[in-house]
Amino acid sequence: MSTIARNHRTIFPLRCVQLAFTVQLAFTVQLALAVQPSFGQSPDIVMIAIDDLRPMLGCYGNHKIQSPNIDSLANNGVVFERAYCQYAKCGTSRLSLMTGLRPDSIGIFSNKASDVVNFRTQHPKIDSIARWLKRAGYHTQSFGKIYHDGWDHSDDWSTDSFPGRDREMLEITNDQDVSAPTMIAERLHCPVMQAPDVHDDHLFAGRMTTKVVHTLNHFEDPEPLFLAIGFRRPHLPFVAPKSYFDQYQIDDSWLAANQNPNADAPLMAWFNSDGYVGSARKAGLAMPLRPAYNEARDWNGYEMRSYQGVPNEGPIPHATQINLIHAYAACISYVDAQIGRILRTLRQSPRFKNAIIILWSDHGWHLGEHSAWGKMTNFEIATRVPLIVSAPHVTPGRTHHITELVDLYPTLCDLAKVPKPDHLEGESLLQVLKQDDLSQKSAEKSVALSQYTRFRNRYMGRAIRTQNHRYVAWFDQHEDRIVARELYDHRVDPHENNNLASSNEHKTTVANFDKQVHRLFKLSTAEP
């Protein structure tokens, strides 16, 4: 065989390999460009989460509250008037939002860390919105509380998250020396509120915000940024610098007008202390497992009652109620001021001035309504949340389009211009945001779904919120049947004080809702 022939045999396979490699490399680059959009194609996103915040803000019509910075964001964005969480408790609500799955699909109805570990072990292919954007080429980073404390997942973030200290939620100041570093209180010995005369940065929220501002000012990566920022206040304990307490003079007009439970509503609708029997026992108290009406009133709101400064049971004194509402309002204004620092940094930044900004809360909060304090009910006051979206080319305004927190994952995907994973159970809000006349979209989505368990998961309350009604069916999960119902007509009863479910006049409406609750929650039990 000639030398030329031998060289030809040697060179030809090599060229084939080179050609195949070149084709494969081109395909890989094209795929990477499709799945990992470069900066300039996908926008920077800043997501702000606020713990336990009901829509008690100026931009939601409460002009007693000092929230100028959130209000300014609302003036430049879309305010969702009817946004609802899927479960009025931190862990499940936040996991639902971050995964795009409804509570029944998650199967977690507690704040136990072991439950979320089991969920992630059993569903390794369910990406959170943070991990999904990270896969798509985003630099993802978090500060504060995004998931329930202790539930953070390192795979979500491109760099170490900054949640604060272990049990940072229980941060308090030293009464003997407020200038000393803050400390983490023992849960059953933690004061319910504090108003220390300190600067904003003395508390974690201020220190965290300083780090957020530094990150924004020094972020030079070419990848688009997904920055998640979670504020823990106004979650208990109500701790904020004294200057924010000084902004308010609280009087009786701030108190809930409907402090008595509706006599026609089932006890499990408004009694939200059933998960605290063990906590009460640790304090040497005997909370009944299944209380009667008067017992339930005396123990209601035990999440708050378990802190120092509030009676463990019995009536909460008038002056204490005033002080609690005062402290809740001060915490809102303190967080608002920190958000103002972030917004100013974004607006002054050549890069981030056009960033998408989304602000939400994980659920609402009772301030005495229906005798309850805290969250953990299916009422409007516990499930309705503030939601504001500001983005380039989105006309600012307000919409009554019924919205759920589970809708945020697909919405973020559309805003980020990345594909959506197949597992999502919410609906993108992009078409709502694109409307010049937001009122035209108010009736397109018919319902929001929420749910809550009672008495060690024996009962599940499943709520449907439509344009005019809230309906709740309470299921005995051992017997697979509805044992109690609630129906409220928001056209005449916005505070949900009159349960119409047992009225003959509304029998047909209740029957229709019974069918809807089975269909919308995809229940395996037979429809009535």
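In which loop does Arg 167 lie? Arg 167 belongs to the loop between β4 (139-144) and β5 (171-172), where helices (H or I, at least four residues) and strands (E, at least two) are DSSP runs numbered from the N terminus. All views show a predicted model, in which local features need pLDDT of at least 70 and side-chain atom pairs count only at pLDDT 80 or more, while totals for chains, interfaces and linings use all residues. Residues are numbered from 1 along each chain as its sequence is written, and side-chain values use heavy atoms, with hydrogens and water left out.

View A. In the loop between β4 and β5, Arg 167 has a phi near 60 degrees, which is a positive value in a residue other than glycine.

**View B. The packing of helix α2 against helix α13.** Helix α2 (residues 68-75) and helix α13 (residues 318-348) pack with their axes 7 Å apart and at an angle of about 45 degrees; axes are lines fitted to C-alpha atoms, for helices over the stretch in contact, and angles run from 0 to 180 degrees between N-to-C directions. The two helices, α2 and α13, are therefore oblique to each other, given that angles under 35 degrees count as roughly parallel, over 145 as roughly antiparallel, 65 to 115 as roughly perpendicular and the rest as oblique. On the α2 side the contact (heavy atoms within 4.5 Å) is made by Pro 68, Asn 69, Ile 70, Ser 72 and Leu 73, and on the α13 side by Asp 336, Ala 337, Ile 339, Gly 340, Leu 343, Arg 344 and Arg 347. Sorted by class, the contact of α2 with α13 has 6 nonpolar, 3 polar and 3 charged residues; Ala, Val, Leu, Ile, Met, Phe, Trp, Tyr, Cys and Pro count as nonpolar, Asp, Glu, Lys and Arg as charged, and the others, Gly among them, as polar.

**View C. The packing of α7 against α13.** The axes of α7 and α13 come within 10 Å and cross at roughly 10 degrees, which makes α7 roughly parallel to α13. In α7, the residues Ala 205, Gly 206, Thr 209, Thr 210, Val 212, Val 213, Leu 216 and Asn 217 meet Tyr 334, Gln 338, Arg 341, Ile 342, Thr 345 and Leu 346 in α13. This contact of α7 with α13 has, by class, 7 nonpolar, 6 polar and 1 charged residues.

View D. A search of the whole structure finds 1 cavity of 30 Å³ or more, and about 120 Å³ of space lies in the largest cavity. On a 1 Å grid over the protein atoms alone, a cavity is a set of points where a 1.4 Å probe fits but cannot get out, and a pocket is an open set with protein on both sides within 12 Å along at least five of seven lines; lining residues have an atom within 4 Å of a point. Points are joined across faces, edges and corners, and a volume is the space filled by probe spheres set on them. The lining of the largest cavity includes Glu 168, Glu 171, Arg 232, Arg 233 and Tyr 334, and its largest share, 3 residues, comes from α7. By class, this lining has 7 nonpolar, 1 polar and 4 charged residues.

**View F. The salt bridge of Arg 94 with Asp 362.** The side chains of Arg 94 and Asp 362 meet in a salt bridge (2.9 Å, N to O), a term for a side-chain nitrogen of Lys or Arg within 4 Å of a carboxyl oxygen of Asp or Glu. This pair links distant parts of the chain, 268 residues apart, with Arg 94 in helix α3 (residues 90-99) and Asp 362 in the loop between β10 (356-361) and β11 (366-367).
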